[in-house]
Amino acid sequence: MTPKIIIFIFFFCIILMVRSSLVMLITTHFKCRGGLYPRSNVERFPVPDDKVSWSTEFSEYKPVKYTSPHINGQPWADPDIENPSFKPHFNSVDGKVSRVSYMGNYKIVNQYPLNPIGRTGVTGRGVLGRWGPNHAADPIVTSWKRLENGEIEHDKANKPILQFVAIKRGDTGEWALPGGMVDPGEKVTATAVREFMEEATNSDTMSEDEKKAWLDKFVKFFEGGDVVYQGYIDDHRNTDNAWMESAAYNFHDNNGSIVGGMRLHAGSDAAGVRWVDITPELKLYASHKEIVTDVYNKLLTKYSQTS
């Protein structure tokens with residue numbers, strides 16, 4: 001092999017690596033760039049694909065500073081970062097609030113935390129409560145779709161059909177996982193279970209005895225969740241200084257005897273709820289489709305190994 005061919009192969013591999021990294025960056029940081037910021041008339045400063053990274057020179061970058069007025073003074077929200085009494089400990093557990101990112105340590109520039117993925121076209125907190133990472137928990141409750149005779153239903157490619165519980169968001173109208181924000185000091189797994197009850201069942205109207213009966217029935221089921229994702233979420237609400245991260249847990253009812261036949265009821269935080277088939281055409285809020293697809297592939301592998 002001649003030196004010219006070796007050099008060509010070397011640079012070709014470098015180009016492929018760069019393109020692969022760029023594609024990954026774009027697919028995990030797309031919905032929070034361009035257009036109007038949610039629940040506002042604030043226009044994001046346009047960020048081209050090749051200018052997302054903070055390490056890339058972008059002298060023209062002049063993002064709009066925006067923090068929604070409705071979060072000022074809220075007990076679940078941080079004060080303004082320039083408030084002299086507010087002294088957050090970023091990249092650590094700050095009292096009961098975790099400011100640790102699943103993405104590793106993030107940079108602090110002029111007191112402000114920087115989005116670990118890159119530019120979004122908006123600074124400030126937007127509608128998010130915390131500076132830096134805002135942690136959520138997403139329960140992925142799954143079960144194989146079954147025919148009336150109890151057998152698992154298959155698609156045209158003879159693959160078993162997996163369903164998951166999805167809620168319709170009241171703010172965007174998109175279908176999503178029934179997740180929510182982690183309260184200060186709360187375990188992430190506890191958040192996942194709480195959010196499922198609040199958004200996918202009628203727990204708000206249950207008596208205390210009914211809630212206890214529900215918990216007694218599902219307590220073991222929700223203790224067996226598998227962590228399927230911990231990291232950054234491509235959320236419309238993300239800004240340069242505040243962003244969403246999630247821990248997603250899969251709770252799988254393999255034989256359909258626990259939740260497979262349960263009646264769903266949209267809670268106070270959801271506009272609708274239903275069992276949804278996982279298909280390539282599936283469209284979901286934020287990065288939820290990627291997470292759900294990963295769950296499907298893992299369960300499909302297990303199914304194939306046991307069949």
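**Reading the chain**

Mentor: Start with contacts along the chain. Among contacts with a separation of 6 or more, 69% join residues 24 or more positions apart. Keep in mind that this is a predicted model.

Trainee: How many helices and strands does the chain have?
Mentor: Four helices and 13 strands.

Trainee: What share of the residues counts as buried?
Mentor: Of 307 residues, 43% are buried. The surface is the other side of that story.

Trainee: Which residues of helix 2 are buried?
Mentor: Thr-191, Ala-192, Val-193, Glu-195, Phe-196, Met-197, Glu-199 and Ala-200.

Trainee: Now the charged pairs. How many salt bridges does the structure hold?
Mentor: Eleven. Lys-145 pairs with Asp-277, with the closest N and O atoms 3.0 Å apart.

Trainee: Where do Lys-145 and Asp-277 lie in the chain?
Mentor: In distant parts, 132 residues apart. Lys-145 is in the loop between strand 7 (132-144) and strand 8 (162-169), while Asp-277 is in strand 13 (residues 270-277).

Trainee: Are Arg-237 and Asp-235 buried or exposed?
Mentor: Both are buried. They also form a salt bridge, with the closest N and O atoms 2.9 Å apart.

Trainee: What should I look for in a pair inside one helix?
Mentor: Think of the helix turn. An α-helix has 3.6 residues a turn, so residues three or four places apart point the same way. Now look at helix 4, residues 288-306. Lys-298 and Asp-294 both lie there, four residues apart, about one turn. Their side chains meet in a salt bridge at 3.3 Å, N to O. Lys-298 is partly exposed, with a relative accessible area of 40%. Asp-294 is partly exposed as well, at 29%.

Trainee: Which residues do salt bridges with shared partners join into one network?
Mentor: Asp-78, Asp-94, Arg-99 and Arg-130.

Technical notes: Residues are numbered from 1 along each chain as its sequence is written. This is a predicted model: local features need pLDDT of at least 70, side-chain atom pairs count only at pLDDT 80 or more; totals for chains, interfaces and linings use all residues. Side-chain values use heavy atoms; hydrogens and water are left out. Buried means under 20% relative accessible area, exposed over 50%, partly exposed in between (1.4 Å probe, protein chains only). Helices (H or I, at least four residues) and strands (E, at least two) are DSSP runs, numbered from the N terminus. A salt bridge is a side-chain nitrogen of Lys or Arg within 4 Å of a carboxyl oxygen of Asp or Glu. Contact means heavy atoms within 4.5 Å.
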